[in-house]
Amino acid sequence: MVPQMMEANPAEMFAGKMMDTLNGAALAMMTSIGHRTGLFDTMADMLPATSKEIAEAAGLNERYVREWLGAMTTGGIVAYNPEGRRYMLPPEHAAFLTRASAPNNIAASMQFIAVLGAVEDGIVECFRKGGGLPYSAYARFHAVMAEESAQTVGGKLFDFILPLAPDVMRTLEAGGRAADFGCGMGRTLRSLAECYPRCEFTGFDFSPEPIAIAQREANMGGLPNLRFELRDVATMDLDEALDVAFAFDSIHDQAHPQRMLANVYRALKPGGVFLIQEIQGHSHVHDNLNHPLAPFVYTVSCMHCMSVSLSQGGMGLGAAWGEELAMQMLSAAGFTQITRHRAQGDLQSTFFVARKPQ
Ligand SMILES: C[S@@+](CC[C@H](N)C(=O)[O-])C[C@H]1O[C@@H](n2cnc3c(N)ncnc32)[C@H](O)[C@@H]1O
């Protein structure tokens, strides 16, 4: 007799999916905590150990660590041997959870869930009344963003991003002028300034907190070719001063992105090059159905990128503005020879090279 196939019950399947989502969301919070407390880094270097040994090694409170280990163990992140009550972080998991695993450290990205959770009340209010929340409403945003971009941009700056425009590398080597529009804490620009000492680099951002940190770190690094300015890139009036412009993850959350693009265009010398990293995806929701990170992108957009733009009376473009609209807006700003690129295995970023005609 042929065994009867179990009929999948759509309601039960959906309930299961939602329960997985609840557990996944809980694990995201605990993974963020594991990153911030250094628990993953500590465990990656330990043999199977008790909660007391792990807490001591990490310099943390045992009771909290034990509860965290409960979530990690039942969530399939940490392995557990009831005999001796020993926990272990398998190396295959450590490869995505520790600082040493960067640029593949997914635990660092989990911090966004906690950052966004902290502003839920304000966002709910925006759903009712419109408007948005300013950057200053997001505790730790700039620090988390800097960690994120160290992976998404820093991790492929010299191997992938710059080689997209070999003439840019030659210009930077020879000693041109370059600027980063919406530079945040400026770590990408610092790597560039270290690598190309003959080139002058300027970082612009209108948020005082990251600019102060960027300038302090540049001073400590003793880099005379690097400086940072507190500037609104939508209102700046730099004229044909730059050979190269960069924008890393900083166009879509502008209040007035088309104005910013016009100002980047104006700031470049004829023949200048604009190198961009933006969020990967298409401009229409139906084209993003198979994007493995689409729910995350729309969520970050709704709870941060779109909201910070709307808080300034901006257009609220959002992180899911998509490659098609990005190409259109670059073209409307006057850029030509616009090309888009994705790095193999990278689900998060799309890179663009755009040129100002000679
Ligand atoms: C998503 S963060 C990216 C920061 C940085 N590029 C990175 O990759 O870590 C966007 C940045 O753009 C800055 N920004 C947004 N609108 C701006 C404007 N009109 N002028 C200058 N900076 C702006 C924000 O303060 C924030 O630091």
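## A strand on the inside

How many of the 7 residues of strand β9 (residues 349–355) are buried? The answer is 7 of the 7, so strand β9 is largely enclosed by the rest of the structure. Keep in mind as you look around that this is a predicted model.

To picture the strand, start with a general rule. In a regular strand, side chains alternate between the two faces of the sheet. Now look at β9, where both faces are covered. One side carries Ser-349, Phe-351, Val-353 and Arg-355, and these are buried.

## The partners of β9

Which strands pair with β9? One is strand β7 (residues 268–279), which runs antiparallel to β9 and is joined to it over 7 bridges. You can find this pairing in the model by locating Phe-274, which stands opposite Ala-354 in β9.

Strand β8 (residues 336–341) also pairs with β9 in the antiparallel sense, here over 4 bridges. For a place to start, look for Thr-336, whose bridge partner in β9 is Arg-355.

## Around the ligand

Let us move on to the ligand, which sits in the second largest pocket. There are 18 residues around the ligand, and the ones that come nearest are Gly-182, Asp-205, Ser-207, Asp-232 and Phe-248.

Several of these place an N or O atom by a nitrogen atom of the ligand. For Gly-182 it is a backbone N or O atom, at 2.7 Å from a ligand nitrogen. Phe-248 also uses a backbone N or O atom, 2.8 Å from a nitrogen atom of the ligand. With Asp-232, an N or O atom in the side chain lies 2.8 Å from a ligand nitrogen. How much of the ligand does the protein cover? On its own the ligand has 590 Å² of accessible area, and the protein covers 97% of that.

Which element gives the largest share of the shell around the ligand? That is helix α8 (residues 141–152), with 4 residues.

Gln-151 lies in this helix, α8. Is Gln-151 buried or exposed? Its relative accessible area is 9%, and a residue counts as buried when that value is under 20%, so Gln-151 is buried. The side chain of Gln-151 also reaches the backbone nitrogen of Asn-105, at 2.8 Å.

How values were computed. Residues are numbered from 1 along each chain as its sequence is written. This is a predicted model: local features need pLDDT of at least 70, side-chain atom pairs count only at pLDDT 80 or more; totals for chains, interfaces and linings use all residues. Side-chain values use heavy atoms; hydrogens and water are left out. Buried means under 20% relative accessible area, exposed over 50%, partly exposed in between (1.4 Å probe, protein chains only). Helices (H or I, at least four residues) and strands (E, at least two) are DSSP runs, numbered from the N terminus. Two strands pair if DSSP finds at least two bridges between them. A residue is near a molecule or strand if one of its heavy atoms lies within 4 Å of it. A polar contact is a pair of N or O atoms within 3.5 Å; within protein, one must be able to donate a hydrogen and the other to accept it, and residues adjacent in sequence count only if both atoms are side-chain atoms. Accessible areas come from the Shrake-Rupley method with a 1.4 Å probe; for residues, only the protein chains shown count as cover. On a 1 Å grid over the protein atoms alone, a cavity is a set of points where a 1.4 Å probe fits but cannot get out, and a pocket is an open set with protein on both sides within 12 Å along at least five of seven lines; lining residues have an atom within 4 Å of a point. A molecule sits in a cavity or pocket if more than half of its atoms lie within 2 Å of its grid points.
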